[in-house]
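Thanks for making time this morning.

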Amino acid sequence: MHHSQRMAQKLPSFFKPSFGSQRTAKQLIRDALTTQVRAIDHELCEPGEEDSFFVADLGEVYRQHMRWKKNLPRVRPFFAVKSNPDSMVLGLLAALGTGFDCASKTEIDQVLATGTSPDHIIYAQPCKTSSYIRHAKAINLRQMTFDNADELYKIARHFPEAELFIRIITNDTSSACRLSMKFGAPLHDTSRLLVLAKELGLGVVGISFHVGSGSTDPMAFYYAVKDAYHVFQEATNHGFRIHTLDVGGGFSTATFEATATVLNSALDEFFPACSKVEIIAEPGRYYVASAFTIACNVIARRSIKDPGTGVTSYMLYINDGVYGNFSNIIFDHQKPTAEILPHSNGSGHASSAVRPSTDIKYSVWGPTCDGIDRITECIQFSQVINIGDWLSFEEMGAYTMCSATQFNGFSNSHNVIYVSSEPNTKALVGI
């Protein structure tokens with residue numbers, strides 16, 4: 001039997017919880033994690049059967065959607081597929097009525113596979129491949145962004161009927177991943193671009209911006225909306241009828257309510273409901289970051305004794321790393337934190353119950369032969385961690401499996417167990 005088929009049998013598509021219980025979402029996830037690791041015998045399993053795996057709580061995605069609707073009732077979310085293109089997540093969000101922000105043919109086709117209409121997709125990539133534009137025309141996906149003159153000429157050649165959003169540059173210095181360094185038309189150039197669009201016979205129907213991924217300053221949205229209003233007036237003066245404002249992504253779970261307050265205030269000031277301008281956004285990590293937890297196996301351990309103090313610390317090597325699902329450390333500036341998963345699988349590597357008088361220091365490393373493949377420089381546990389033990393990491397739903405590689409021949413494991421701490425999601429995803 002092929003390895004992928006064995007893993008499909010090992011990892012049920014949906015862990016069946018008892019919805020009538022009072023278990024918390026965290027307990028439900030932990031149950032699924034420990035059930036899986038206890039089923040793996042490290043002495044007998046086939047190569048790859050002990051690969052890392054995720055547990056995804058679709059109920060958390062659902063709760064984030066309800067939270068969005070409560071705090072930003074005027075703003076329709078278009079989920080940024082790049083953050084996590086998991087098919088179950090896409091299916092759930094499609095059932096909840098969200099739109100989708102796509103940047104490539106592959107992402108567009110993934111969303112179409114959920115039954116989503118092209119009308120509910122925005123091709124939010126200001127610098128597009130010509131053949132992808134022709135693909136968008138073939139499926140009648142009209143909404144797309146631009147931020148430069150060459151893009152307008154390209155669209156005029158391949159899809160002149162497109163409905164265009166001019167993307168403007170913003171101050172994104174407070175974000176974890178700045179995007180205005182790469183995309184966005186400066187405000188002093190927007191009028192020239194609008195004139196060119198008019199000369200080419202193109203239709204500009206929207207304005208978009210992005211304050212940067214993982215923004216920490218809610219006021220960034222206020223100033224961006226203010227700038228968008230300036231461009232809205234310019235576009236109107238050039239004869240365009242702007243009907244949509246796209247406020248982009250950058251929504252952090254930690255600051256969401258504060259951001260929503262600022263954004264709502266800015267919208268009421270510059271684009272009030274009476275203006276009839278539709279408001280959309282492109283949240284990504286907001287929906288998925290907290291919904292996924294990963295479990296990784298400790299495959300090796302080195303002891304390091306300090307010659308001065310005599311204290312022993314350990315280097316732990318696990319079967320996933322920064323070239324795999326921990327790519328968020330490199331690309332997204334994240335700092336995943338390990339927890340020990342209790343297990344007993346009869347292999348002789350059960351987690352030790354020893355509790356030393358002082359915490360033991362560990363560093364955690366990935367499996368590749370590259371020195372930068374380090375997950376954690378230093379973490380302390382009051383417990384001995386052995387080869388064969390498992391570590392779990394929460395908040396692993398954004399920019400993880402989507403940017404994993406197969407460097408050094410290691411699997412970019414996408415094994416996922418799905419649970420739901422919200423009964424409503426069960427019917428929505430057809431389970």
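This is a predicted model: local features need pLDDT of at least 70, side-chain atom pairs count only at pLDDT 80 or more; totals for chains, interfaces and linings use all residues.

Let me begin with Asp332, which counts as buried at 2% relative accessibility, where buried means under 20% relative accessible area, exposed means over 50%, and partly exposed is in between, using a 1.4 Å probe and protein chains only. Residues are numbered from 1 along each chain as its sequence is written, and side-chain values use heavy atoms, with hydrogens and water left out.

What does the side chain of Asp332 meet in a salt bridge? The partner is Arg285, at 2.7 Å from N to O, a salt bridge being a side-chain nitrogen of Lys or Arg within 4 Å of a carboxyl oxygen of Asp or Glu. Arg285 lies in helix α11 (residues 285–288) and Asp332 in the loop between α12 and β12 (338–341), so this pair ties together parts that are 47 residues apart in sequence. Helices (H or I, at least four residues) and strands (E, at least two) are DSSP runs, numbered from the N terminus. Arg285 is likewise buried, with a relative accessibility of 13%.

Lys26 sits in helix α2 (residues 25–38) and Glu394 in the loop between β15 and β16, so the two tie together parts that are 368 residues apart in sequence. Lys26 is partly exposed at 46%, and Glu394 is partly exposed at 34%. These two residues also belong to a network of salt bridges that links Lys26, Arg30, Glu339 and Glu394.

Glu151 is buried at 2%, and Lys154 counts as buried at 14%.

Let me turn to the loops. Glu395, in the loop between β15 (390–393) and β16 (416–419), has a positive phi of about 55 degrees although it is not a glycine. Asn408 lies in the loop between β15 and β16 as well, and its phi is near 65 degrees, again positive in a residue other than glycine.

Is Asn325 buried or exposed? Asn325 is buried, with a relative accessible area of 0%, although it is found in the loop between β11 (312–318) and α12 (327–331).

For those of you who think about cysteines, a search of the whole structure finds zero disulfides, meaning pairs of cysteine sulfur atoms within 2.5 Å. Cys274 is exposed, with a relative accessible area of 65%, whereas Cys296 is buried at 0%.

To finish with the whole protein, there are 13 helices and 16 strands, and 55% of the 431 residues count as buried. Among contacts with a separation of 6 or more, 72% come from residues 24 or more positions apart, where contact means heavy atoms within 4.5 Å.
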